[in-house]
Amino acid sequence: MSTTRRTVIATAAAAGLTAAAAGGAQAHRGGSGSAPRREPFGSLADGTKVERWTISRGGTRIKVLSYGGIVQSLELPDRTGRYANVSLGFDSLDPYVSDSPYFGALIGRFGNRIAKGKFTLDGTEYTLPVNDGPNSLHGGDKGFDKRVWNVTPNGPASLVLTYTSPDGEMGYPGTLDVKVTYTLTASGAFQIDYEATTDAPTVANLTSHIYFNLAGEGSGGIYDHRLGIAATRFTPVNDTLIPTGELAPVAGTPFDFRQPKPIGRDIRESHEQVLYGQGFDHNFVLDKGITGKPEQAATLYDPLSGRRMDIATTEPGLQFYSGNFLDGTLTGTSGKVYRQGDALCLETQHFPDSPNQPDFPSTVLRPGKTYRSTTLHTFGTR
Ligand code: GLA
(Lines give C-alpha, C1' and ligand atoms only; values in the text may rest on other atoms or scores of the structure.)
Protein backbone atom coordinates (compact mmCIF):
# COMPACT_ATOMS: atom_id res chain seq x y z
CA MET A 1 0.00 0.00 0.00
CA SER A 2 1.38 3.41 -0.90
CA THR A 3 2.06 6.00 1.77
CA THR A 4 -0.58 8.34 0.36
CA ARG A 5 -3.21 5.60 0.34
CA ARG A 6 -2.29 4.70 3.93
CA THR A 7 -2.58 8.34 4.99
CA VAL A 8 -6.08 8.73 3.66
CA ILE A 9 -7.26 5.57 5.35
CA ALA A 10 -5.63 6.60 8.63
CA THR A 11 -7.31 10.00 8.41
CA ALA A 12 -10.61 8.42 7.51
CA ALA A 13 -10.28 6.02 10.42
CA ALA A 14 -9.57 8.91 12.77
CA ALA A 15 -12.73 10.52 11.47
CA GLY A 16 -14.69 7.33 12.06
CA LEU A 17 -15.07 6.75 8.33
CA THR A 18 -14.75 3.40 6.70
CA ALA A 19 -12.00 2.75 4.18
CA ALA A 20 -14.79 2.43 1.60
CA ALA A 21 -15.97 5.97 2.34
CA ALA A 22 -12.47 7.16 1.52
CA GLY A 23 -12.60 4.80 -1.46
CA GLY A 24 -10.06 5.15 -4.18
CA ALA A 25 -9.09 8.62 -3.06
CA GLN A 26 -5.63 10.03 -3.31
CA ALA A 27 -4.68 11.76 -0.09
CA HIS A 28 -2.53 14.81 0.09
CA ARG A 29 1.06 14.57 1.21
CA GLY A 30 1.74 14.84 4.93
CA GLY A 31 4.03 17.41 6.48
CA SER A 32 4.48 19.44 9.59
CA GLY A 33 3.24 22.73 8.10
CA SER A 34 5.02 26.07 8.05
CA ALA A 35 4.70 28.82 10.64
CA PRO A 36 1.38 30.72 10.45
CA ARG A 37 1.75 34.00 8.53
CA ARG A 38 -0.05 37.19 9.50
CA GLU A 39 -0.78 40.23 7.33
CA PRO A 40 -3.06 43.29 7.54
CA PHE A 41 -6.51 42.97 5.90
CA GLY A 42 -7.91 46.49 6.29
CA SER A 43 -9.69 48.19 9.17
CA LEU A 44 -13.26 48.62 10.37
CA ALA A 45 -15.02 52.01 10.44
CA ASP A 46 -14.04 52.46 14.12
CA GLY A 47 -10.35 51.95 13.23
CA THR A 48 -10.05 48.36 14.51
CA LYS A 49 -7.44 46.59 12.44
CA VAL A 50 -8.29 43.25 10.87
CA GLU A 51 -5.64 40.63 10.15
CA ARG A 52 -5.45 37.70 7.80
CA TRP A 53 -3.64 34.56 8.90
CA THR A 54 -2.41 31.84 6.54
CA ILE A 55 -1.77 28.25 7.56
CA SER A 56 -0.85 25.39 5.26
CA ARG A 57 -0.12 21.71 5.61
CA GLY A 58 -0.38 18.49 3.65
CA GLY A 59 -1.43 20.23 0.42
CA THR A 60 -4.17 22.39 1.98
CA ARG A 61 -3.86 26.13 2.53
CA ILE A 62 -6.39 28.29 4.39
CA LYS A 63 -6.56 32.01 5.03
CA VAL A 64 -8.47 33.17 8.09
CA LEU A 65 -9.63 36.66 9.06
CA SER A 66 -9.75 37.93 12.63
CA TYR A 67 -13.09 39.49 11.54
CA GLY A 68 -15.79 36.82 11.95
CA GLY A 69 -13.20 34.04 12.10
CA ILE A 70 -13.85 33.99 8.37
CA VAL A 71 -12.17 31.34 6.20
CA GLN A 72 -11.45 33.77 3.38
CA SER A 73 -9.75 31.20 1.18
CA LEU A 74 -9.36 27.41 1.17
CA GLU A 75 -6.96 26.14 -1.47
CA LEU A 76 -6.79 22.53 -2.61
CA PRO A 77 -5.16 20.72 -5.54
CA ASP A 78 -7.28 19.00 -8.17
CA ARG A 79 -6.51 15.55 -9.56
CA THR A 80 -3.74 17.00 -11.74
CA GLY A 81 -2.22 18.97 -8.85
CA ARG A 82 -3.63 22.34 -9.89
CA TYR A 83 -4.70 24.53 -6.98
CA ALA A 84 -7.94 26.48 -6.64
CA ASN A 85 -9.71 28.35 -3.88
CA VAL A 86 -12.80 26.22 -3.23
CA SER A 87 -14.61 28.66 -0.90
CA LEU A 88 -16.67 31.72 -1.79
CA GLY A 89 -15.64 35.06 -0.36
CA PHE A 90 -14.29 38.53 -1.09
CA ASP A 91 -10.81 39.91 -1.73
CA SER A 92 -11.20 42.83 0.71
CA LEU A 93 -12.76 43.58 4.08
CA ASP A 94 -15.54 46.06 3.21
CA PRO A 95 -17.96 43.66 1.47
CA TYR A 96 -17.59 41.22 4.37
CA VAL A 97 -18.86 43.98 6.66
CA SER A 98 -21.65 45.30 4.43
CA ASP A 99 -22.87 42.52 2.13
CA SER A 100 -21.74 39.07 3.12
CA PRO A 101 -24.25 36.20 3.37
CA TYR A 102 -21.97 34.73 6.06
CA PHE A 103 -19.22 33.72 3.58
CA GLY A 104 -16.74 31.50 5.46
CA ALA A 105 -17.79 32.86 8.85
CA LEU A 106 -18.09 31.45 12.34
CA ILE A 107 -21.74 31.49 13.38
CA GLY A 108 -23.00 32.13 16.91
CA ARG A 109 -24.43 32.29 19.39
CA PHE A 110 -27.03 30.25 17.55
CA GLY A 111 -26.66 28.69 14.10
CA ASN A 112 -29.80 28.96 11.94
CA ARG A 113 -33.22 30.27 12.98
CA ILE A 114 -35.00 30.89 16.25
CA ALA A 115 -38.72 31.37 15.61
CA LYS A 116 -39.94 34.95 15.99
CA GLY A 117 -36.70 35.80 17.83
CA LYS A 118 -38.03 34.47 21.13
CA PHE A 119 -37.33 31.61 23.49
CA THR A 120 -37.97 30.80 27.13
CA LEU A 121 -35.33 29.36 29.44
CA ASP A 122 -35.96 28.52 33.11
CA GLY A 123 -39.18 30.54 32.98
CA THR A 124 -37.67 33.74 31.55
CA GLU A 125 -38.50 34.85 28.03
CA TYR A 126 -35.65 36.26 25.93
CA THR A 127 -36.04 38.42 22.84
CA LEU A 128 -33.49 38.36 20.03
CA PRO A 129 -33.09 40.67 17.04
CA VAL A 130 -35.24 39.52 14.15
CA ASN A 131 -33.16 39.62 10.95
CA ASP A 132 -34.71 37.05 8.60
CA GLY A 133 -38.40 37.65 7.95
CA PRO A 134 -40.08 37.09 11.33
CA ASN A 135 -37.15 35.08 12.74
CA SER A 136 -33.71 35.51 14.24
CA LEU A 137 -31.00 33.99 12.01
CA HIS A 138 -27.40 33.02 12.84
CA GLY A 139 -27.18 34.86 16.18
CA GLY A 140 -28.87 38.12 15.13
CA ASP A 141 -27.84 41.08 13.05
CA LYS A 142 -24.41 41.32 14.70
CA GLY A 143 -23.54 37.73 15.43
CA PHE A 144 -20.11 36.13 15.79
CA ASP A 145 -19.61 36.50 12.02
CA LYS A 146 -19.34 40.27 12.56
CA ARG A 147 -17.13 40.31 15.68
CA VAL A 148 -13.38 40.70 15.80
CA TRP A 149 -11.81 37.58 17.26
CA ASN A 150 -8.51 37.32 19.07
CA VAL A 151 -6.32 35.01 16.94
CA THR A 152 -3.18 33.25 18.21
CA PRO A 153 -1.01 30.67 16.48
CA ASN A 154 -1.18 27.25 18.06
CA GLY A 155 1.75 25.36 16.55
CA PRO A 156 2.66 25.21 12.86
CA ALA A 157 -0.75 24.69 11.26
CA SER A 158 -3.28 25.70 13.85
CA LEU A 159 -4.94 28.89 15.05
CA VAL A 160 -6.90 29.53 18.22
CA LEU A 161 -9.68 32.11 17.94
CA THR A 162 -11.32 33.46 21.08
CA TYR A 163 -14.20 35.82 21.66
CA THR A 164 -16.06 36.79 24.82
CA SER A 165 -19.69 37.58 24.13
CA PRO A 166 -21.01 39.82 26.92
CA ASP A 167 -24.15 38.99 28.89
CA GLY A 168 -27.17 40.16 26.90
CA GLU A 169 -25.36 40.51 23.58
CA MET A 170 -27.91 40.05 20.76
CA GLY A 171 -30.45 39.28 23.50
CA TYR A 172 -28.78 36.10 24.77
CA PRO A 173 -28.26 35.60 28.51
CA GLY A 174 -24.88 34.86 30.13
CA THR A 175 -21.33 35.88 29.32
CA LEU A 176 -20.20 33.33 26.76
CA ASP A 177 -16.48 32.59 26.46
CA VAL A 178 -15.88 31.00 23.08
CA LYS A 179 -12.79 29.25 21.77
CA VAL A 180 -12.57 27.91 18.24
CA THR A 181 -9.48 26.03 17.05
CA TYR A 182 -8.74 25.71 13.34
CA THR A 183 -6.20 22.96 12.62
CA LEU A 184 -4.77 21.43 9.47
CA THR A 185 -3.85 17.86 10.31
CA ALA A 186 -0.78 16.09 8.84
CA SER A 187 -2.81 14.99 5.79
CA GLY A 188 -4.27 18.45 5.23
CA ALA A 189 -7.67 17.73 6.79
CA PHE A 190 -9.29 20.86 8.20
CA GLN A 191 -10.50 20.35 11.75
CA ILE A 192 -12.66 22.81 13.69
CA ASP A 193 -13.00 22.43 17.45
CA TYR A 194 -15.54 24.59 19.26
CA GLU A 195 -15.63 25.19 23.01
CA ALA A 196 -17.75 27.55 25.10
CA THR A 197 -18.54 28.23 28.73
CA THR A 198 -21.08 30.54 30.32
CA ASP A 199 -21.65 32.26 33.68
CA ALA A 200 -25.46 31.95 33.47
CA PRO A 201 -27.85 29.47 31.81
CA THR A 202 -28.03 30.13 28.07
CA VAL A 203 -28.32 28.41 24.69
CA ALA A 204 -25.49 27.85 22.20
CA ASN A 205 -25.20 26.33 18.74
CA LEU A 206 -21.97 27.15 16.91
CA THR A 207 -21.08 26.36 13.32
CA SER A 208 -19.02 27.37 10.30
CA HIS A 209 -20.59 28.86 7.19
CA ILE A 210 -18.06 28.03 4.46
CA TYR A 211 -19.57 28.05 0.95
CA PHE A 212 -17.93 25.20 -0.98
CA ASN A 213 -17.47 24.87 -4.71
CA LEU A 214 -14.93 22.08 -5.22
CA ALA A 215 -14.35 23.18 -8.83
CA GLY A 216 -13.18 26.58 -7.54
CA GLU A 217 -15.07 29.71 -6.49
CA GLY A 218 -16.39 31.69 -9.43
CA SER A 219 -16.22 28.67 -11.75
CA GLY A 220 -20.00 28.11 -12.01
CA GLY A 221 -22.63 25.99 -10.31
CA ILE A 222 -22.43 22.99 -7.98
CA TYR A 223 -25.39 21.02 -9.37
CA ASP A 224 -23.05 18.33 -10.77
CA HIS A 225 -21.28 17.88 -7.42
CA ARG A 226 -22.25 14.53 -5.94
CA LEU A 227 -23.41 14.78 -2.35
CA GLY A 228 -24.04 12.03 0.16
CA ILE A 229 -25.54 12.66 3.61
CA ALA A 230 -25.70 10.01 6.33
CA ALA A 231 -29.27 10.88 7.29
CA THR A 232 -32.45 8.81 7.08
CA ARG A 233 -34.55 11.76 8.29
CA PHE A 234 -34.65 15.52 7.96
CA THR A 235 -36.54 18.32 9.71
CA PRO A 236 -39.24 19.76 7.40
CA VAL A 237 -39.89 23.49 7.76
CA ASN A 238 -42.73 25.95 7.43
CA ASP A 239 -42.73 28.77 4.88
CA THR A 240 -40.38 30.88 7.07
CA LEU A 241 -37.92 27.94 7.31
CA ILE A 242 -38.71 27.10 10.95
CA PRO A 243 -38.86 23.32 11.62
CA THR A 244 -42.36 21.96 12.13
CA GLY A 245 -40.98 19.64 14.82
CA GLU A 246 -41.43 16.54 12.71
CA LEU A 247 -38.51 14.24 11.84
CA ALA A 248 -39.58 13.09 8.37
CA PRO A 249 -38.11 10.18 6.40
CA VAL A 250 -36.00 11.21 3.40
CA ALA A 251 -37.04 8.03 1.54
CA GLY A 252 -38.98 8.81 -1.61
CA THR A 253 -38.26 12.56 -1.41
CA PRO A 254 -35.68 14.87 -3.05
CA PHE A 255 -33.98 14.85 0.39
CA ASP A 256 -32.72 11.30 0.01
CA PHE A 257 -28.93 11.70 -0.19
CA ARG A 258 -28.16 8.38 1.51
CA GLN A 259 -26.58 7.25 -1.75
CA PRO A 260 -24.52 10.12 -3.18
CA LYS A 261 -26.31 11.85 -6.08
CA PRO A 262 -25.82 15.03 -8.11
CA ILE A 263 -27.20 17.99 -6.18
CA GLY A 264 -29.11 19.13 -9.27
CA ARG A 265 -30.89 15.83 -9.83
CA ASP A 266 -33.98 16.60 -7.73
CA ILE A 267 -33.57 20.32 -7.05
CA ARG A 268 -36.29 21.20 -9.56
CA GLU A 269 -38.84 18.78 -8.07
CA SER A 270 -42.03 20.66 -7.22
CA HIS A 271 -41.97 19.37 -3.63
CA GLU A 272 -43.39 21.65 -0.92
CA GLN A 273 -40.13 21.58 1.06
CA VAL A 274 -37.99 22.38 -1.99
CA LEU A 275 -40.33 25.29 -2.76
CA TYR A 276 -40.08 26.64 0.80
CA GLY A 277 -36.28 26.52 0.68
CA GLN A 278 -36.03 27.67 -2.96
CA GLY A 279 -33.87 24.56 -3.19
CA PHE A 280 -32.22 22.72 -0.34
CA ASP A 281 -32.03 24.68 2.91
CA HIS A 282 -32.76 22.00 5.45
CA ASN A 283 -31.41 20.34 8.54
CA PHE A 284 -30.63 16.65 8.13
CA VAL A 285 -30.93 14.42 11.20
CA LEU A 286 -27.64 12.56 11.17
CA ASP A 287 -28.12 8.84 11.79
CA LYS A 288 -25.29 8.70 14.34
CA GLY A 289 -26.76 11.48 16.51
CA ILE A 290 -24.51 13.24 19.03
CA THR A 291 -21.19 11.39 19.15
CA GLY A 292 -18.05 11.45 21.29
CA LYS A 293 -15.72 11.49 18.30
CA PRO A 294 -16.41 12.80 14.79
CA GLU A 295 -18.49 10.39 12.69
CA GLN A 296 -19.10 10.55 8.97
CA ALA A 297 -21.89 13.00 8.08
CA ALA A 298 -21.43 13.88 4.42
CA THR A 299 -19.33 13.27 1.36
CA LEU A 300 -18.96 15.67 -1.56
CA TYR A 301 -17.27 15.01 -4.91
CA ASP A 302 -16.75 17.16 -7.98
CA PRO A 303 -16.29 14.89 -11.04
CA LEU A 304 -14.73 17.70 -13.08
CA SER A 305 -11.77 18.57 -10.86
CA GLY A 306 -11.72 15.24 -9.02
CA ARG A 307 -11.68 17.06 -5.66
CA ARG A 308 -13.56 15.41 -2.85
CA MET A 309 -14.36 16.25 0.75
CA ASP A 310 -15.69 14.14 3.59
CA ILE A 311 -17.26 15.78 6.62
CA ALA A 312 -17.26 14.09 10.00
CA THR A 313 -18.79 15.63 13.09
CA THR A 314 -19.85 15.11 16.68
CA GLU A 315 -23.04 17.13 16.01
CA PRO A 316 -26.50 15.56 15.49
CA GLY A 317 -27.51 17.79 12.54
CA LEU A 318 -26.28 19.06 9.21
CA GLN A 319 -27.80 22.07 7.42
CA PHE A 320 -27.46 21.57 3.68
CA TYR A 321 -27.96 24.91 1.94
CA SER A 322 -27.64 24.92 -1.86
CA GLY A 323 -26.74 28.61 -2.23
CA ASN A 324 -30.32 29.53 -3.12
CA PHE A 325 -30.12 33.18 -2.13
CA LEU A 326 -27.01 33.98 -4.18
CA ASP A 327 -28.60 36.20 -6.78
CA GLY A 328 -25.92 37.68 -9.00
CA THR A 329 -25.44 40.82 -6.90
CA LEU A 330 -22.08 39.96 -5.28
CA THR A 331 -18.66 39.94 -6.90
CA GLY A 332 -16.44 37.31 -5.35
CA THR A 333 -12.74 36.92 -4.59
CA SER A 334 -11.55 36.36 -8.14
CA GLY A 335 -13.82 39.01 -9.70
CA LYS A 336 -16.64 36.71 -10.81
CA VAL A 337 -20.30 37.29 -9.93
CA TYR A 338 -21.93 34.65 -7.72
CA ARG A 339 -25.28 33.29 -8.91
CA GLN A 340 -27.83 30.91 -7.42
CA GLY A 341 -26.34 27.45 -6.84
CA ASP A 342 -22.73 28.57 -7.23
CA ALA A 343 -21.81 26.96 -3.90
CA LEU A 344 -23.21 24.90 -1.07
CA CYS A 345 -22.93 25.02 2.70
CA LEU A 346 -22.79 21.99 4.97
CA GLU A 347 -23.25 23.40 8.44
CA THR A 348 -22.77 20.89 11.28
CA GLN A 349 -25.06 21.91 14.12
CA HIS A 350 -27.86 21.18 16.57
CA PHE A 351 -31.27 21.51 14.94
CA PRO A 352 -32.69 24.96 14.07
CA ASP A 353 -35.05 26.52 16.62
CA SER A 354 -34.08 23.93 19.27
CA PRO A 355 -34.78 26.36 22.16
CA ASN A 356 -38.47 26.25 21.13
CA GLN A 357 -38.61 22.54 20.28
CA PRO A 358 -38.67 20.37 23.43
CA ASP A 359 -38.24 17.15 21.42
CA PHE A 360 -35.01 18.25 19.70
CA PRO A 361 -31.60 17.58 21.31
CA SER A 362 -31.05 20.33 23.86
CA THR A 363 -28.91 23.40 23.12
CA VAL A 364 -28.99 24.64 26.72
CA LEU A 365 -25.60 25.40 28.24
CA ARG A 366 -25.28 25.86 32.00
CA PRO A 367 -22.48 27.29 34.15
CA GLY A 368 -19.90 24.63 35.04
CA LYS A 369 -20.48 22.75 31.77
CA THR A 370 -18.36 23.10 28.63
CA TYR A 371 -19.93 23.19 25.17
CA ARG A 372 -17.82 21.04 22.84
CA SER A 373 -18.16 20.23 19.17
CA THR A 374 -15.74 19.00 16.50
CA THR A 375 -16.03 18.91 12.71
CA LEU A 376 -13.41 17.46 10.39
CA HIS A 377 -13.15 18.13 6.64
CA THR A 378 -11.00 15.51 4.92
CA PHE A 379 -9.87 16.35 1.38
CA GLY A 380 -8.59 14.25 -1.46
CA THR A 381 -8.89 13.64 -5.19
CA ARG A 382 -10.19 10.87 -7.33
C1 GLA B 1 -28.24 29.28 6.25
C2 GLA B 1 -29.69 29.42 6.21
C3 GLA B 1 -30.09 29.91 4.89
C4 GLA B 1 -29.40 31.21 4.57
C5 GLA B 1 -27.95 31.05 4.62
C6 GLA B 1 -27.28 32.39 4.42
O7 GLA B 1 -27.80 28.24 5.50
O8 GLA B 1 -30.38 28.24 6.53
O9 GLA B 1 -31.46 30.07 4.85
O10 GLA B 1 -29.76 32.16 5.52
O11 GLA B 1 -27.60 30.51 5.89
O12 GLA B 1 -27.81 33.10 3.38
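**Figure 1. Overall dimensions of the predicted chain.** A compact globule of 382 residues would have a radius of gyration near 21 Å; the protein chain has 19 Å, which agrees. The model is predicted. Its C-alpha atoms fill a box of roughly 60 × 50 × 40 Å along the principal axes. The protein chain has 3 helices and 29 strands. Buried residues make up 58% of the 382 residues. Among contacts with a separation of 6 or more, 66% are between residues 24 or more positions apart.

**Figure 2. An open sheet of 5 strands.** The strand order is β19-β18-β21-β24-β27, and the pairing is antiparallel. β19 (248–249) and β27 (345–349) stand at the edges. Each has a single partner strand, so one side of each is left without a neighbour in the sheet. Strand β18 (residues 231–235) is joined to β19 by 2 bridges. Phe234 has Ala248 of β19 as its bridge partner. Strands of a sheet pair through backbone hydrogen bonds, either parallel or antiparallel.

**Figure 3. Two nonpolar cores.** The largest nonpolar core has 57 residues. Leu227 and Phe320 have the most contacts inside this core. Strand β13 (residues 176–184) gives the most to the core, with 5 residues. A second, separate core has 19 residues, including Leu44, Val50, Leu65 and Tyr96. In soluble globular proteins, nonpolar side chains tend to be buried together.

**Figure 4. The surroundings of Phe320.** Which residues are in contact with Phe320, leaving aside neighbours within four places in sequence? Among them are Leu227, Ile229, Phe257 and Ile263. Phe280, Asp281, His282 and Phe284 are also in contact with Phe320. Leu344, Cys345 and Leu346 complete the list.

**Figure 5. Phe257 and two aromatic partners.** The whole structure holds 22 aromatic pairs. In one of them, the ring centres of Phe257 and Phe284 are 6.2 Å apart. Their planes stand at 75 degrees, so the pair is edge-to-face. Phe257 lies in the loop between β19 and β20 (261–262), and Phe284 in strand β21 (residues 281–286). The pair therefore ties together parts that are 27 residues apart in sequence. Phe257 is buried, with a relative accessible area of 0%. Phe284 also counts as buried, at 0% relative accessibility. Phe257 forms an edge-to-face pair with Phe320 as well, at 5.5 Å centre to centre and 85 degrees between the planes. Phe320 belongs to strand β24 (residues 317–321), and this pair links parts of the chain 63 residues apart. Phe320 is buried too. Lys261 lies over the face of Phe257, at 4.4 Å from the ring centre.

**Figure 6. Strand β23 and its two partners.** Is β23 (residues 307–313) enclosed or open? Of its 7 residues, 7 are buried, so β23 is largely enclosed by the rest of the structure. Arg307, Met309, Ile311 and Thr313 point one way from β23. Arg308, Asp310 and Ala312 point the other way. In a regular strand the side chains alternate between the two faces of the sheet. Strand β22 (residues 295–301) runs antiparallel to β23 and is joined to it by 6 bridges. Gln296 has Ala312 as its bridge partner. β22 and β23 form a hairpin with 5 residues between them. In the turn, Gly306 has a positive phi of about 80 degrees. Strand β29 (residues 371–381) is also antiparallel to β23, with 7 bridges between them. Thr313 stands opposite Thr375 in β29.

Figure 7. Phe90, Tyr96, Phe103, Tyr211, Tyr321, Phe325 and Tyr338 form one aromatic cluster. Tyr96 is also listed in the core of 19 residues. In another view, the charged end of Arg382 sits over the ring of Tyr301, 4.1 Å from its centre.

Figure 8. Most residues other than glycine have a negative phi, and most peptide bonds are trans. The peptide bond from Gly108 to Arg109 is cis, with omega near 0 degrees. Arg109 lies in the loop between β6 (105–107) and β7 (113–114). Asn112 lies in the loop between β6 and β7. Phi of Asn112 is positive, near 70 degrees. Asn112 counts as buried, at 3% relative accessibility. Met170 has a positive phi near 50 degrees. The loop between β12 (158–165) and β13 holds Met170. At 17% relative accessibility, Met170 counts as buried.

Note on methods: Residues numbered from 1 in each chain as written. Heavy atoms only, no water. Pairing = 2+ DSSP bridges. Helix = DSSP H or I, 4+ residues; strand = E, 2+ residues; numbered from the N terminus. Core = buried A, V, L, I, M, F, W, Y, C linked by side-chain atoms within 4.5 Å. Buried < 20%, exposed > 50% of the residue type's maximum accessible area, 1.4 Å probe, protein only. Contact = heavy atoms within 4.5 Å. Phe/Tyr/Trp six-rings, centres within 6.5 Å; stacked < 30°, edge-to-face > 60°. Lys NZ or Arg CZ within 6 Å of the ring centre and 35° of its normal. Rg over C-alpha atoms; globule rule 2.2 N^0.38 Å.
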